[in-house]
Amino acid sequence: MTITDTSPASAVRTPPEQTWTPRLWGVLAVLCAVLFLDGLDVSMVGVALPSIGAELGLTTTSLQWIVNGYVLGYGGLLLLGGRTADLLGRRRVFLIALAVFAVASLVGGLVDNGALLIATRFVKGLAAAFTAPTALSILTTTFHEGPARNRALSVFSVFGASGYSSGLILGGLLTSFGWRWTFLTPVPLALVALVAGIALIPRDRPAANGGHDLVGAVTLTGGMLLAVYTVVSAPERGWLDPLTVVSIVAAVALLVGFVVTENRVRHPLIRLGILRVGTIVRANLSIVALFGSYLSFQFMMTLYLQDVLDWSPLKMAMGLLPAGLIVAFGSPFVGRLIDRYGTAPLIISSMTSLSLGYVWFLATAGNTPHYTFTVLPTMILLGGGFAFGFSSIMGQATDGIDDSEQGLASGLVQTSGQVGAALVLAGVTALVAGAAHEGGDFGGFHAGVNLVSGVAVVGLALNLIPLFRAARTARA
């Protein structure tokens, strides 16, 4: 995962060079460790899903909540997390959220109930919603604008991307001993980071004024949870079932309540007027296509390779690793390409690579996909698509936005990515569970891959439309 600098533009006067003291390196190490843990946790738990389902008796529908519980908790409160850090103090919020993350990891590794396990994942997502924006805020306020901050952000980005890749390998190794280790391993790492953070992170003063938008946070999170629940459960229960109808009405009511709240509250989570900017809308839809398709495809491949092809967790992790390696080693170089070509061409390249990857998989998979001919080329295309896309989309989402709303634009696009991924994964899960009776080793997964491919192609089309309009205008 790559983090884009959303700090205000450099002043005209060049600031003095900042000295990198051991304490400064220590602060950066703490922030990088927490970002590394976030990426590590997502990929490790993904590898362990089949083992969790086998031991706790969870269906595919239930397993997706282990992923979506975290994603919805993170996406639903991400904007509130950044605002809370400003109001209560960055250091305090960061350390409390990190402690909650460690406790939730410990409890998740000890429970024997699927519902409790999903609850711990949701709590960890809530904690990440506070640690992620706060860590970036601590970094941008600790390191001076210019070379020092750029250097720190570069190191920060590499750790975020490498955490996901490392989690695949470590998750495969740990799951071989038992899936609980994928939950317990982050605990000592988080505790070490917590102790170091208490000693090294400088104290800061809370904001003198401002306020929370708790109503907006509750309506947004509640509405998205109900929407995902409805999409997952409706195919089995029926779309006209009374409980399904009530869930749809309640989800719509909560989301409408969120929109009404944002138009009336004094300190909204989202200033809705920002969505009148075409590039911002396009960036937010693009991140949905990127996150939604990538996360959902990995979810399906994790289940398929282990449950259908009987691969070991480690073998499965190594099979998916090429995509993670491309993201980890390719992301640091994307900034130079953005400077040279701009964000639009890179986003189109990203969506093209993703679409080709899914289409290639569908065209060559058959009933038993061959790794070298089908899975490996797909993972290479997906890794390249994610590496090009994430930083470019983040750049487009904040390009041309006033300094006072850089944080809003950055938080909005990250929220869109998490919430959009949850909805796409819910749809994929419903299709996979409903189509499992089709027969053939891969028959039950074809419908899900079809949806993922469609999401990526729509993302590509949305970014090609401005080019067609520009060409038509030029001819006219």
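User: How many salt bridges does the structure hold?
Analyst: The structure holds four salt bridges. A salt bridge is a side-chain nitrogen of Lys or Arg within 4 Å of a carboxyl oxygen of Asp or Glu. This is a predicted model, where local features need pLDDT of at least 70, side-chain atom pairs count only at pLDDT 80 or more, and totals for chains, interfaces and linings use all residues. Residues are numbered from 1 along each chain as its sequence is written, and side-chain values use heavy atoms, with hydrogens and water left out.

User: What makes Lys124 and Asp41 a salt bridge?
Analyst: Their closest N and O atoms are 2.5 Å apart. The cut-off is 4 Å, so the pair counts. Lys124 sits in helix α4 (residues 114–142) and Asp41 in helix α1 (residues 22–56), 83 residues apart. Helices here are DSSP runs (H or I, at least four residues), numbered from the N terminus. Asp41, Arg121 and Lys124 are linked in a network of salt bridges.

User: Why is Arg180 called buried?
Analyst: Buried means under 20% relative accessible area, exposed over 50%, and partly exposed in between (1.4 Å probe, protein chains only). Arg180 has 19%, so Arg180 is buried.

User: Which residues form salt bridges with Arg180, and how accessible are they?
Analyst: One is Glu55, with the closest N and O atoms 3.3 Å apart. Glu55 has a relative accessible area of 48%, so Glu55 is partly exposed. Another is Asp112, at 2.2 Å. Arg180 lies in helix α6 and Asp112 in the loop between α3 (90–110) and α4, so this pair ties together parts 68 residues apart in sequence. Asp112 has 60% relative accessibility, so Asp112 counts as exposed.

User: Why are α10 and α11 called roughly antiparallel?
Analyst: Two packed helices are described by the angle between their axes and the distance between the axes. Axes are lines fitted to C-alpha atoms, for helices over the stretch in contact, and angles run from 0 to 180 degrees between N-to-C directions. Helix α10 (residues 278–308) and helix α11 (residues 313–341) pack at about 155°, with their axes 9 Å apart. Angles under 35 degrees count as roughly parallel, over 145 as roughly antiparallel, 65 to 115 as roughly perpendicular and the rest as oblique. Therefore α10 and α11 are roughly antiparallel.

User: What makes α2 oblique to α10?
Analyst: The axes of helix α2 (residues 60–88) and α10 cross at roughly 140° and come within 12 Å. That angle makes α2 oblique to α10.

Key
Helix = DSSP H or I, 4+ residues; strand = E, 2+ residues; numbered from the N terminus.
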